[in-house]
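Student: I would like a close look at a single part of this model. Please take me through it step by step.

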Amino acid sequence: MLGLQPATEGKVTFEGRDITNLKKRELRQMHKEMQLIFQDPFSSLNPRLCVSDLIAEPLKTFRLTHGKREMQDRVFELMDTVGLAKRLAFSYPHELDGGRRQRIGIARALAVDPKFIVCDEPVSALDVSIQAQVLNLLQDLQEERGLTYMFITHDLSVVRHISDDILVMYLGTVVEKCGARELFLQPRHPYTRGLLSAIPNPDIDAPRNRIIMQGELSSPIEPKPGCRFANRCPYATEVCRESTPALREVGDGHTVACHNLDSIE
């Protein structure tokens, strides 16, 4: 899997390369390697273009085909890859359902053969049955092409289904990071525990240990010093309101940002 992470303060690396201050030509190449699937499949598509033209856009931008015939063949290949019938090639976004629109977005992202794709809430605007289809498609593509996803979502069921590693954030700061199985079995941060307790359980007889988060939400624009979750945390002490906790390792690859981990049962 590829790595996109801060190397040192003020720097970001991708596959070991510093991509903080790239020149225009280098940035263009980086755009080809890193693509994005948007949350709203309707507003992210140009309503004046048909399906084939929408998918052909990145091919034209990066000049990846030669001649109309090759471009058409490539567009049909991408449509087949994401499960779009050829008969839809000249349809417009408003004529399609949400699932097909999102498949167009996935095809556009795949068109340039990227290595890394940011999936920004890609199924939140879809019906549940369509969500499963799109998630299965993304997983199949990942296995076939060796893709790395950064999957952004609030749906913990989706997180559990698709993720290898999970990073939990609260008001823009990382509070916990570990493998997917570890997070659901042994959550350590109070915010993570509250999130997991809110997952609906289909078994009505199963015991519930719902954690209700109370307290005032900190301002995300001008946050006060200290832990941003302190106002809502039942374990918060004075130190939590004075200094920001750093991520510290509590297990193999499991890191948590909390001053009072020892007080949490």
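Student: How do the residues of the lining of the second largest pocket divide into nonpolar, polar and charged?

Tutor: First, the ground rules. This is a predicted model: local features need pLDDT of at least 70, side-chain atom pairs count only at pLDDT 80 or more, and totals for chains, interfaces and linings use all residues. Residues are numbered from 1 along each chain as its sequence is written, and side-chain values use heavy atoms, with hydrogens and water left out.

Now the pocket. Its lining divides into 8 nonpolar, 4 polar and 3 charged residues. Here Ala, Val, Leu, Ile, Met, Phe, Trp, Tyr, Cys and Pro count as nonpolar, Asp, Glu, Lys and Arg as charged, and the others, Gly among them, as polar. A pocket is an open set of points on a 1 Å grid over the protein atoms alone, where a 1.4 Å probe fits, with protein on both sides within 12 Å along at least five of seven lines; lining residues have an atom within 4 Å of a point. The volume of the second largest pocket is about 390 Å³, taken as the space filled by probe spheres set on points joined across faces, edges and corners. Of its 15 lining residues, L196, S197, I199, R208 and N209 lie nearest the centre. Helices α6 and α8 each give two or more residues to this lining. Helices (H or I, at least four residues) and strands (E, at least two) are DSSP runs, numbered from the N terminus.

Next, α8 itself. Helix α8 spans residues 190–197 and lies across β7 and β8 (173–179), at about 105° to β7. Axes are lines fitted to C-alpha atoms, for helices over the stretch in contact, and angles run from 0 to 180 degrees between N-to-C directions. The helix is mostly covered, with 6 of its 8 residues buried (under 20% relative accessible area, 1.4 Å probe, protein chains only; exposed is over 50%, partly exposed in between). Those buried are P190, Y191, T192, G194, L196 and S197. They pack against α6 (156–162), β7, β8 and α7 (180–185); contact means heavy atoms within 4.5 Å.

Follow β7 and β8 into their sheet. Four strands form an open, antiparallel sheet in the order β7-β8-β10-β9. Pairing requires at least two DSSP bridges between two strands. Twist averages 25° from one strand to the next.
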